[in-house]
Amino acid sequence: MEGKEEQRIPNVTFEIRRMDDALVDTVTTGKDGRVFVTLEAGSYYAVETKCPKEFKLDSTPHYFEVKTGKATPPLVVTNKALSGILIHKIDSDTKEGLYGVTFLLYDADKNPIGQYSSDDRGYVHIDDLPGAGRYYLRELENDGYLVDTQLKTVNVIAGTTTEITWENTAITGQIQVTKTSEDYNSMNGWPAGTPIPNTEFEIYHYRTGNLVDTIRTGKNGVAVSRPLPLGRYKVIESKAAEFYGLDKTPIDVEIEHAGQIVKTAMTNKALYTNVSIKKTGFVEVMPGQQLRYNFSGIANNSTTALTSFYWRDTLPAQAVRLDKIATGTYNVQGNYKIVFKTNLNGEYRTMYDNLSTTRHYMLDASPSALGLASNEYITEFMVSFGVVPGNFRQVEAPMVYCNVVSWLTGGTQFVNQADVGGIYNGQWIMATSRWVTRVYKPAEPLPRTGY
């Protein structure tokens, strides 16, 4: 493998193929630019698939014949040394790359020979030069920036890429966003039209999609960008203020002339977060009898979705043993699972999985059904839904059946606690319900009296 001026080129890879295109071998030249291949007699061709970046790949097939008993002449393949120009067009202030800047390339006699545009990072790769020597570059177009019309001289050395960093000064304007409350907010008491502080927006360049600024509203509900080059942008709300729902609808704006402040106004709907659960059961029980707890009002009453939504029942372990769970049904189609803890294992284990929210189940939760040890019993179980929308709620009521232990003392009482919760914006929204049950104590007989 030999190059310009007989320079030997290592690390050039070839595929050796038969005339029917069947691959015979893949070989790479060594330090001396050569590689030797042992082949059976026949017709072949070699095609270059990889070469060092300083040279131009030669993808032309090179045909040769291997004959029995005769030496095959060396196959010589030449590569042209790459001579290139790499322009990085950047903003003189931010040093960020500029997209879509157009350049005209001239040869040494100042004849135009090519036109190129910068990519989304501001780079222009010119690798199709006819060879080394002197070239000239002129900037033709640069939206939102002062065009640099100066003719730049570039001296290109064979086998190298000449790199140029080219700065431009922006013609700028600004974007102003005003954020107000769309309706009355019951969480903070703000009426409709109240300016909303602490709302964040991200501003993206329309064509490249690059993030160019992040802004936040102040006490007056107004956020203003830094000076931005003329052009089109998208404004997207990235973080809503507390007690307001996030609105990610993009707003398109355009800065058209120097010093312009483009004003846009947006509203946010008030956010209400609330969950609920109510627990009821028998007021009084006898030792050894079955007890039923009823659940009502299990719901995400929020105007927004909650993540990690659950309801949970914490059993009075000194008084009852879990027997059955009637799951109830819910108003939104989905799947959920039930997990539990025991007195011997404080980690959640799966009791039942892939349950449908629209199907009512009667689940066996007895120690034998769950394979618990003889001295092991459930202390709590949790119904886990994951993400639920606003207004997610129960339809058919869940019920829990327990067996009261036989050794309770009459006149005592025990408490069952249920809770519900979900996460919004990193914070738990929770509610709790408690139910107290008394253990029946037979009335003592009146003392006998006589005469």
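**Rings, charges and cores**

Guide: Arg-321 lies over the face of Tyr-377, 3.7 Å from the ring centre. This is a predicted model, in which local features need pLDDT of at least 70 and side-chain atom pairs count only at pLDDT 80 or more, while totals for chains, interfaces and linings use all residues. Residues are numbered from 1 along each chain as its sequence is written, and side-chain values use heavy atoms, with hydrogens and water left out.

Visitor: What makes the charged end of Arg-232 sit over the ring of Tyr-206?

Guide: The rule asks for NZ of Lys or CZ of Arg within 6 Å of the ring centre and within 35 degrees of the ring normal. The charged end of Arg-232 is 3.9 Å from the centre of the Tyr-206 ring, and sits over it.

Visitor: Why is the pair of Tyr-45 and Tyr-63 called tilted?

Guide: Rings of Phe, Tyr and Trp (its six-membered ring) pair if their centres lie within 6.5 Å; planes under 30 degrees apart count as stacked, over 60 as edge-to-face and the rest as tilted. By this rule there are 14 aromatic pairs. The centres of Tyr-45 and Tyr-63 are 5.5 Å apart and their planes are at 50 degrees, so this pair is tilted. Tyr-45 is in strand β3 (residues 42–50) and Tyr-63 in strand β4 (residues 62–66), 18 residues apart; strands are DSSP runs of E, at least two residues, numbered from the N terminus.

Visitor: Why is Tyr-63 called exposed?

Guide: Exposed means over 50% relative accessible area, buried under 20%, and partly exposed in between (1.4 Å probe, protein chains only). Tyr-63 has 53% relative accessibility, so Tyr-63 counts as exposed. Tyr-45, at 10%, is therefore buried.

Visitor: What makes the pair of Tyr-330 and Phe-392 stacked?

Guide: Their planes are 5 degrees apart, with 5.6 Å centre to centre. Tyr-330 is in the loop between β24 (320–326) and β25 (335–342), and Phe-392 is in strand β29 (residues 392–393), 62 residues apart. Tyr-330 is buried at 3%, and Phe-392 is buried at 2%.

Visitor: What makes a set of residues a nonpolar core?

Guide: Its members are buried Ala, Val, Leu, Ile, Met, Phe, Trp, Tyr and Cys residues joined through side-chain atoms within 4.5 Å. The largest core has 43 residues, and those that touch the most other members include Trp-311, Phe-381 and Phe-385. Strand β28 (residues 378–388) gives the largest share of this core, five residues. Apart from it lies another core of 17 residues, among them Ile-87 and Val-156.

Technical notes
Helices (H or I, at least four residues) and strands (E, at least two) are DSSP runs, numbered from the N terminus.
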